[in-house]
Amino acid sequence: MSFDGMPPSAGVFASIPVHAEESKICTRLVAALNGRGKHRRCSGFTFKNTSARSESPGLGTFKPDVCIFRDGVKDAHQKSKSKSAVAHLAYAELFIEVKRNLLEDFFSDPPENADRASHQFILNRESLVSMEEFRHAKEALGKIVAYATEILARQHRHCLFSMSVSGCYVRLFYWDRSGVVVTEAMSMREHPDIICKFLWWFSHASDYARGFDVTVEWAEPAEEKKFEQAITRHIKEQLLLCTSNEDVIRLAKDEEQVELRKRIPKDTKRLVEALCEHYTSGKVIAVHVFDETTDRQGNVKVEPYRYLVSRPTASPISSLCRDTREYWAVGLDGTVRLLKDSWPYHDSGIEHESTIMKDLTECAVRNAPEVLHRGEVRLCHEDMRSQRTLAGIFLREAWLCIGNTEKGKRRKISVSRHVHCRLVSSVAGYNLRHFTDSKELLESTRDVLDAIADAYNLAKKIHRSVSLNSIILYRKPGEERRRGYLTNWELGCDINPSSERRGRRVIGCWQFASMNVLSINDYQRVVEDDLESLLYTVLFCAVLWLANNGTERQLEMFFANVFDKYRAPYGEHVLGGSAKMMNKWNRRHTKGFVFRSKPLQVWLDEVMDLNSPPFSVSSVSKRYPRTWNFKSLADLWDQVLRMSFPNKPDRVKRHKSDVPWGVVLFVATITPIRRRSAYCRDRPLRSCRIVGATGQREVRGSGTRRTADEMDINREKPTSEAVHEKTLLGKRLASNTTDDKRPMKKTKRGNWSTKAGAGGQHMSTHQRSSAEGGHSDPSASHSSRPRPEPSDSKMET
């Protein structure tokens, strides 16, 4: 591009001190970046000092030092009496983190003529001499990872730019779903032209070049009205709500109309609350799904479909993952579907989810959603190339800083390659956590058993990640009850152990994984493991939400030991499942529970005996007993469902409290899948460093739900502000990236150790893995804090 007309850069950053307080640097930096009149660095954009005010008060909120916003953006916080700018990350186009001097920089550039391959670029102990300096640098690194994660989660983007300022030195960052590329530190006082040219390019670049997904656009007012009506109608069908006299006539017989009319006020309130989960007034957008079909000659035909969405039912909490969002979407015909927007691994050896679901449909697998449209998201309507991550294209560059491990061996940087995809399925229902009582819990999971059996017998597939978040309750028109559907087939594979698409060890959702999957390294999952995961899903729901005799303390210890505990032998893969093994042996963790529902009690006792009879060899070996098969489970399930269930609903309001400080938690749920270096036709600037996503793991159903605000770009109006979809379920809270209160220590082989909480972000080899938001609500969430010291066991985070 041309830099003609760019204001002169000489001396523009002369007022930035080498060392000063952050507030002083922020004030001078904002003044220098904004300029005056014809000397504005970013025409059409404004830099604001956001270091003093976050979107909401309290601990864990996001507050970058400086953010850049498009001119004309109207913020809901502007009505406040405070004159300080709000760090509203739903509108931020770029953020800057400021530190007092270069000593607090979390990156360390190599000396001239040094061996870059052996240089430690991230959190270098040689440059960070004292533990205090190392702690501050680690905190700063965690902050920028949290900021980038939040912006990528709340905005429709394919990449993001940011800056880090340490005194008068600056670095540029490029973020996407596979990693982050970082430049060397540059002195703004000595080389102001580099930053000035970057900002000039940034202000003149298109929405797509600045990182936005331009296949997302505003919906028309008539479309928004259509969306609201369709979602309202769908909610009433799924929940059987009676909000008017017309509903009374539709739902009831003559003798039941009186009772239904009494429900109208209560059901009307429920309808309003349920509608808020999927729709926010003025925040409806149109998403284009590029459906790909292949003809007999092998030619791929791409046809775009337009769907309306508003608020996601699931949103990501990690910047290095599949970045999955799910919506109730309304098509042109007014039907409500489930739209899944994600960044799956590309060329990872794993079969794409849409291909697996298409095979399930062709084989007439029961209780598996049908794929209506699927395809990779294109760059724009004019450019039909797919959106892909670019951070991995620098892995073979000579300037790449890799560093060595603690044992002196060369670190391995592995960067996954992701491609942006959208999938529309026929089933838009509620997560299993919304079950009404014990009968619906067992009926819906019985449906899932049929899905697992048909997938195995007819389509020759196994799911490999059966969990609370992979089961949807959906009521077909005219049916009395909701059926359970098995979704989220992204980790599914062929049953043939020698298949290249099986990959290596895949844990799936840690909390619901079988004992064999957790306790045996390089274990190849079989269909019996999916059946055991289904058992733990029912057990989790029953203990947490159904009436039983468990005390609060007993429930805390039960969930911590059975579902969250892990074992990390030094230098080896993370293992677990010891509590599940013990429970198989003598029912140590479940024998004390007594449920109000007798059929549920019988089911749990009998199914656990089928899985492993007490004091049997199968409880301590990887071989399943012969009784653990589809027929035995189906016969038992049908027998229990014929029993008499409680007349009144036996679901109780119970929130899962924090996990005891003495028990360790496991964060990640998926071990690294085989990756390859990415390739792309476009190459950014060469003077960069790369931070990969080595060893990244991801939670699809960790039991943690993170609601998110969304931002959408109107590509047809260059001066329009960014749109954000405000969630009413609560703010997304930032979490500590590392445990600074209790540093990690080497442990002896086989000892129990502790990892950061579920809110930790993941970045390269120095950051722990993070979770991808699933569907579960806060009552089912796991602790996002590290284990406090005994004297501070009630500390709030």
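Biologist: Among contacts in the protein between residues at least 6 apart in sequence, what percentage join residues at least 24 apart?

Modeller: The value is 74% for this protein. Please bear in mind that the model is a predicted one. In it the protein has 14 helices and 25 strands, and 60% of its 797 residues count as buried.

Biologist: How is the packing of two helices to be read?

Modeller: Two packed helices are described by the angle between their axes and by the distance between the axes.

Biologist: What are these values for H8 and H10?

Modeller: The axes of helix H8 (residues 438-457) and helix H10 (residues 527-545) come within 11 Å and cross at roughly 170°. Because angles over 145 degrees count as roughly antiparallel, H8 is roughly antiparallel to H10. On the H8 side, the contact is made by Leu-441, Leu-442, Thr-445, Val-448, Leu-449, Ile-452 and Tyr-456. H10 contributes Val-527, Asp-530, Leu-531, Leu-534, Val-538, Cys-541 and Ala-542. The residues of this contact divide into 12 nonpolar, 1 polar and 1 charged.

Biologist: Which residues of the largest nonpolar core touch the most other members?

Modeller: They are Ile-452, Trp-603 and Leu-604, in a core of 73 residues. At least two residues of this core come from each of helix H7 (353-362), H8, strand S18 (471-474), H9, H10, H11, H13 and helix H14 (630-641). The largest share, 13 residues, is supplied by H10. Ile-452 is also one of the H8 residues in the contact with H10.

Biologist: How does one read the burial pattern of a helix, and which residues of H12 are buried?

Modeller: In helix H12 (residues 578-586), the residues Ala-579, Lys-580, Asn-583 and Lys-584 are buried. Seen down the axis of H12, these buried residues fall within an arc of 140°, so they line one face of the helix. Their cover includes helix H9 (515-519), H10, helix H11 (552-564) and helix H13 (598-611). H12 is followed by Arg-587, whose phi is positive, near 60°.

Biologist: Where is Asp-323 placed, and is Asp-323 buried or exposed?

Modeller: Asp-323 is in the loop between strand S11 (312-314) and strand S12 (325-330). Asp-323 is buried, with a relative accessible area of 1%.

Biologist: Where is Phe-615 found, and is Phe-615 buried or exposed?

Modeller: Phe-615 is found in the loop between H13 and H14. With a relative accessible area of 54%, Phe-615 is exposed.

Key:
Residues numbered from 1 in each chain as written. Predicted model: local features only at pLDDT ≥ 70, side-chain atom pairs only at ≥ 80, totals over all residues. Heavy atoms only, no water. Axes fitted to C-alpha atoms, helices over the stretch in contact; angles between N-to-C directions. Helix = DSSP H or I, 4+ residues; strand = E, 2+ residues; numbered from the N terminus. Parallel < 35°, antiparallel > 145°, perpendicular 65-115°, else oblique. Contact = heavy atoms within 4.5 Å. Nonpolar A, V, L, I, M, F, W, Y, C, P; charged D, E, K, R; others polar. Buried < 20%, exposed > 50% of the residue type's maximum accessible area, 1.4 Å probe, protein only. Arc of directions from axis to C-beta. Core = buried A, V, L, I, M, F, W, Y, C linked by side-chain atoms within 4.5 Å.
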